[in-house]
Amino acid sequence: MTHFRTVARATDLPILVYNNPPALRRRHHAGDVRGLGGRKDLVAIKESSTMVRRITDIKNICGDRYILFSGVDDLVLESVMLGSVGWVSGLVNAFPLESRRLWDLAVAGNYGEALKIYRCTRRCCISTRT
């Protein structure tokens, strides 16, 4: 949290807090971001922990204080359902049209159609790794 406060003091730009335990080897807990609530320049959280329930935890602790983004390629559907309003993803580079369609369907609440694309894209990703 000291890092985020230090960055916030060094700029006038709005800041997205990036929770990415696989890369950072440290997981920010939902309660941690509550402590940043007094900083108006910290406006968003990109949740990349693979624990989609954190979106609900953050909402329960902080309400609508932060704009929430999904940061995990294959958790976007669940993230939208729980309150993410954006998606920062590498998957869109490989599947741009499918990713956009998936996003639009999920945001519209058309989960049945979104799920068809979601499962197909996931299957394609898995098959290219084997």
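Two residues are in contact when heavy atoms of theirs lie within 4.5 Å of each other. Keep that idea handy for the views below, which all come from a predicted model.

**View 1. Ser99 sits buried in helix α7.** Start with Ser99, which is found in helix α7. Is this residue buried or exposed? Its relative accessibility is 2%, and buried means under 20%, so Ser99 counts as buried. Look for its neighbours next: setting aside residues up to four places away in sequence, Ser99 touches Trp87, Leu91 and Val92.

**View 2. Leu102 belongs to the largest nonpolar core.** This core has 13 residues. Which of them have the most contacts inside it? They are Val76, Trp87 and Leu102. Three helices, α5 (76-82), α7 (96-107) and α8 (111-129), each supply at least two residues of the core, and α7 gives the most, with 4 residues. Zoom in on Leu102 and, leaving aside its neighbours within four places in sequence, you will find it in contact with Val76, Trp87, Ala114, Ile117 and Tyr118. Another core, of 11 residues, lies apart from this one, and includes Phe4, Ile15, Leu42 and Tyr66.

**View 3. Four strands form an open sheet.** Follow the strands in the order β1-β2-β3-β4, and you will see that their pairing is parallel. Which strands are at the edges? They are β1 (15-19) and β4 (86-87), each of which pairs on one side only. Further in, strands β2 (residues 42-47) and β3 (residues 67-70) run parallel and are joined by 4 bridges. To spot a bridge pair, find Lys46 and then its partner in β3, Phe69.

**View 4. Helices α1 and α4 lie across strands of the sheet.** Helix α1 (residues 2-9) lies across β1 and β2, and runs at about 160 degrees to β1. Helix α4 (residues 53-62) lies across β1, β2 and β3, with an angle of about 155 degrees to β2.

View 5. For the protein, the mean pLDDT is 82, and 78% of residues reach 70 or more. Where does pLDDT stay under 50? Look at residues 126-130, for which the model has 1 contact beyond four places in sequence.

Notes:
Residues are numbered from 1 along each chain as its sequence is written. This is a predicted model: local features need pLDDT of at least 70, side-chain atom pairs count only at pLDDT 80 or more; totals for chains, interfaces and linings use all residues. Side-chain values use heavy atoms; hydrogens and water are left out. A nonpolar core is a set of buried Ala, Val, Leu, Ile, Met, Phe, Trp, Tyr and Cys residues joined through side-chain atoms within 4.5 Å. Buried means under 20% relative accessible area, exposed over 50%, partly exposed in between (1.4 Å probe, protein chains only). pLDDT is the predictor's confidence in each residue, from 0 to 100. Two strands pair if DSSP finds at least two bridges between them. Axes are lines fitted to C-alpha atoms, for helices over the stretch in contact, and angles run from 0 to 180 degrees between N-to-C directions.
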